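Okay, thanks for making time, everyone.

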Amino acid sequence: MIEVDVTSPSPPYEQIRAQLAQLIRCGVLGAGARLPPVRQLAADLGLATGTVARAYKELEQGGYVTGKRGGGTRVLSQPEPGPAREELIREHARAYLAEVVRLGGTVEEAVAALTRPAAE
Amino acid sequence: MAAVLVLPLTALLVLVAVLLAVLLSLNRVVRVPAGGDAAVLRATSRRLLWPRLAGLAAGVAASWVVFAWDGLGRGPMLAAPVLGVGLLVGTLAGELTVPRPHGPVRGASLEIRRARDYLPAFSAPLAAVLSLIAVVLLTVTSVAAADDDLGRPGRALAMISADGTVRSAVGPWPGWFYAWPMLAVLAAAFLLSALVVHRVVQRGRPGLDAAARAVDDAQRAHSARVVTAAYGLCVALPLAGVAVVAAGALFRQSDLAGWAGPAGFAVLGVALIAVASAVWYLAELFSRPRIRTS
């Protein structure tokens with residue numbers, strides 16, 4: 001899943017590009033996996049088709065995907081594997097815990113705050 | 001005499017379709033998890049339903065006009081496809097008015113939606129088979145057709161002897177005179193159906209939680225079923241009429257040509273398949289999935 005914040009200073013196409021690039025680097029989207037059609041992703045995100053098309057074009061220029069007429073956009077195999085998915089999750093968890101501690105919270109409070117929305 | 005038979009038969013077939021629709025609706029229960037934004041889902045349902053009903057009403061009105069357009073039978077032949085096209089236009093209008101995702105933060109899954117995920121497994125191939133039968137039948141009847149007594153091309157089935165003398169000519173016969181308007185309307189209905197299905201598949205999802213996705217998928221599948229049923233009626237009803245008319249002409253020529261009798265029965269079989277398909281598609285149109293939260 002990807003998320004776009006239209007109020008963010010980062011333009012929507014860059015947010016899409018960065019999130020997809022991260023998913024490809026950490027192996028969530030493996031070599032050969034197909035990305036959703038441009039029109040479908042644009043409709044799901046409520047964005048213009050050109051915005052998603054630009055993100056795909058930049059991914060293609062960055063060597064992440066290849067686009068063929070009629071064959072869709074497919075993920076290319078990456079020469080150097082990026083950080084593993086687990087490592088990225090640990091990195092985000094460390095950042096979250098650091099923020100909770102900065103606000104005066106404890107590890108138990110941080111875990112409880114995570115499990116509550118997950119159970120809903 | 002024919003009208004006396006046709007009206008009760010039509011009423012009986014519509015009744016069968018309604019009963020079948022009730023059975024289909026009872027068996028078509030979609031279980032969705034609790035949750036989701038009920039207001040958004042209700043708004044989407046309304047936006048899909050009202051334009052579809054408006055399209056149906058416009059289609060009925062247009063088919064009424066078309067029915068009386070031609071005294072030579074082309075009006076009744078095109079009435080059903082015109083009604084179907086009205087329904088397809090209404091469905092497309094409904095799909096176009098579904099609200100786009102909005103708000104500052106928007107999410108999308110990386111799923112790939114395809115038409116075959118939503119098209120009904122039985123009705124869609126049946127529509128393709130009926131289309132093929134219609135094209136083949138109209139091609140054969142057009143090739144075999146002759147001019148009628150007033151010189152209109154492709155309106156009669158003539159038995160011609162070796163010396164070129166016309167021994168017998170009967171009509172109406174579904175030659176080119178009837179084939180081209182029917183094939184043109186079917187081509188338009190097919191292209192419109194493809195356009196609506198494309199829109200059904202590509203339009204944005206209203207929400208990403210499991211309940212919203214399940215209801216959205218049920219709505220898309222229902223829209224695809226309506227499109228298939230509308231297109232199926234566009235093909236099946238005129239095909240039934242064409243086959244009955246062709247069978248009648250063949251039976252009247254069976255004294256002069258031995259092959260005409262068996263060919264007449266074969267074409268009558270096509271008419272029966274087309275009528276049964278039309279009843280099925282009508283039932284599909286009347287049925288609605290029942291959405292239950294689990």
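So here's something to find first: which residue of β2(B) does E3(A) stand opposite? It's G107(B). Keep in mind that this is a predicted model.

β1(A) runs antiparallel to β2(B), residues 105–108, and the two strands pair over four bridges.

What about the rest of the interface? On the chain A side we've got 17 residues, in contact with 18 of chain B. Three elements of chain A put in at least two residues each: β1 (2–5), β2 (34–35) and α2 (38–45). The top contributor there is α2(A), with six.

Okay, on to the packing. The largest nonpolar core has 67 residues, and L88(B), L233(B), A236(B) and A243(B) have the most contacts inside it. Chain B helices giving two or more residues to this core are α2, α3, α4, α5, α6 and α7. α6(B) has the largest share, 20 residues. Apart from that core there's another one, with 23 residues, including I2(A), V38(A), L45(A) and Y56(A).

Skipping neighbours within four places in sequence, A243(B) touches L137(B), V267(B), L268(B), V270(B), A271(B) and A274(B).

Last thing, confidence. Chain B has a mean pLDDT of 90, with 97% of its residues at 70 or more. For the model as a whole, ipTM comes out at 0.79 and pTM at 0.86.

Key. Residues are numbered from 1 along each chain as its sequence is written. Chains are lettered from A and ligands numbered from 1 in the order in which they are written. This is a predicted model: local features need pLDDT of at least 70, side-chain atom pairs count only at pLDDT 80 or more; totals for chains, interfaces and linings use all residues. A nonpolar core is a set of buried Ala, Val, Leu, Ile, Met, Phe, Trp, Tyr and Cys residues joined through C-beta atoms within 7 Å. A residue is buried if 20 or more other C-beta atoms lie within 10 Å of its own, exposed if 12 or fewer, and partly exposed in between; C-beta atoms are placed from the backbone. Two residues are in contact if their C-beta atoms, placed from the backbone, lie within 7 Å. pLDDT is the predictor's confidence in each residue, from 0 to 100. Two strands pair if DSSP finds at least two bridges between them.
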